Amino acid sequence: MECRWLLCITIHKLQNSLLLVIRMLFKDKIPSRLHGELSGAHEGPVRAVTFNKDGHYCLTCGADKMVALWNPHRLKLIKKYSGHTQEVLGAAASHDNASLISCGIDKLVLLTDVSTGKPLRKFRGHEHRVNCVLFNSDSSVAISGSYDKTVRIWDCRSKGNDPIQVLDEATDSISSVDITEHEILTSSIDGTVRCYDIRAGMLSLFNINHPAPHAKHSHDRHCILVAGLDSNIRLLDKTNGDTLCMYTGHKNKDYKVGIALSPTDAYVVSGSEEGKIYFWDLMTRRIVTSLQHGTEKSVVYAIDYFDEHSCLLSAGSVGSVKLWKGTNWPDGDS
């Protein structure tokens with residue numbers, strides 16, 4: 001029995017070592033080449049930017065109360081969507097590109113038909129501004145997080161407008177949500193990241209002792225990347241909450257900035273409050289490079305990394321949206 005146990009441990013260590021070697025051999029190409037700017041759609045700061053599922057299109061939203069649909073590779077604006085009465089803070093496309101979900105300061109979660117621009121559903125129930133919203137994998141439900149300290153889950157297929165579930169364990173504003181097949185990950189200004197395992201009915205808590213404006217799963221689902229308003233990004237072990245690595249050198253004291261992991265988890269990527277996008281090597285924790293998105297006093301509110309290619313979108317307080325590509329992308333249209 002002891003020999004079998006030792007063999008299992010040895011195999012597990014070898015598998016981890018092999019994974020690290022593979023990551024080093026096939027490291028992602030850093031999207032350091034500016035492909036162009038998406039301009040002409042928004043007036044004022046752009047709060048969120050996100051690719052659609054296949055990376056051919058993207059959504060942006062911001063202080064002008066509008067959501068915009070783009071072909072980012074051609075730098076082409078396709079359509080603009082209204083419906084919110086105040087600043088729009090988040091938007092996401094459905095898996096089939098038929099609809100989009102958005103949220104904002106007006107407390108509204110809005111489901112919109114992409115082709116017609118007409119609202120399909122208006123979900124009301126949050127008592128304060130809605131900071132973030134996402135679809136699940138088949139777009140049957142939407143998950144929103146609010147300043148009212150709650151996460152609400154909405155059924156996009158039924159005719160009801162009430163949430164089908166409310167998660168109210170947070171003691172301060174919900175700043176971000178991330179979702180996998182059966183888990184909802186939330187970050188809060190109360191300093192706690194919460195992972196809800198919907199299938200098992202379990203809740204895991206990870207406290208970083210600082211306001212946590214953003215959290216995301218790693219691609220292998222074994223770790224959680226957490227941004228703190230102490231200018232530190234933490235990589236947490238999902239099984240026990242231990243801090244595996246910390247990434248520093250950027251400024252993040254007051255605002256929610258975008259964070260991401262590259263497709264193979266080789267690099268940690270983050271916006272900042274000094275107009276830059278930083279790339280850290282996941283293993284060495286060293287800053288590999290930085291990209292200048294805006295002025296030194298601007299904030300990079302949002303970034304989105306398309307997983308299948310070296311392609312990065314960034315948006316911020318100066319109102320510009322930029323598309324960055326790696327050297328493996330050909331010049332011209334996607």
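This is a predicted model: local features need pLDDT of at least 70, side-chain atom pairs count only at pLDDT 80 or more; totals for chains, interfaces and linings use all residues.
1. As for contacts with a separation of 6 or more, 43% come from residues 24 or more positions apart.

2. Another sheet worth a look is also open and has four strands, in the order β18-β19-β20-β21, with antiparallel pairing. Its edges are β18 (214–217) and β21 (243–247); each has a single partner strand, so one side of each has no neighbour in the sheet. The twist in this sheet averages 20° from one strand to the next.

3. Inside that sheet, follow β19 (residues 223–228) and β20 (residues 232–237), which pair in the antiparallel sense over six bridges. To get your bearings, find I224, which stands opposite L236 in β20. As a reminder, strands of a sheet pair through backbone hydrogen bonds, either parallel or antiparallel.

4. Is strand β16 buried or exposed? Six of the six residues of β16 (residues 192–197) are buried, so the strand is largely enclosed by the rest of the structure. In a regular strand the side chains alternate between the two faces of the sheet. Here both faces are covered: on one side T192, R194 and Y196 are buried, and on the other so are V193, C195 and D197.

5. Which strands pair with β16? One is β15 (residues 183–188), antiparallel to β16 over five bridges, and here E183 stands opposite D197 of β16. Another is β17 (residues 202–207), which runs antiparallel to β16 and is joined to it by six bridges. In that pairing, T192 stands opposite N207 of β17.

6. The turns on either side of β16 each have a glycine to check. The hairpin of β15 and β16 has three residues between the strands, and G191 there takes a positive phi near 90°. In the hairpin of β16 and β17, with four residues between the strands, G201 has a positive phi near 70°.

7. Finally, the cysteines. How many disulfides does the structure hold? The count is zero. C132 is in no disulfide, and the nearest cysteine sulfur, that of C103, is 6.4 Å away. C132 has 7% relative accessibility, so it counts as buried.

8. C311 gives another example. Its sulfur is 9.1 Å from the closest cysteine sulfur, that of C58, which is too far for a bond. C311 is buried as well, with a relative accessible area of 0%.

Methods. Residues are numbered from 1 along each chain as its sequence is written. Side-chain values use heavy atoms; hydrogens and water are left out. Two strands pair if DSSP finds at least two bridges between them. Helices (H or I, at least four residues) and strands (E, at least two) are DSSP runs, numbered from the N terminus. Axes are lines fitted to C-alpha atoms, for helices over the stretch in contact, and angles run from 0 to 180 degrees between N-to-C directions. Contact means heavy atoms within 4.5 Å. Buried means under 20% relative accessible area, exposed over 50%, partly exposed in between (1.4 Å probe, protein chains only). A disulfide is a pair of cysteine sulfur atoms within 2.5 Å.
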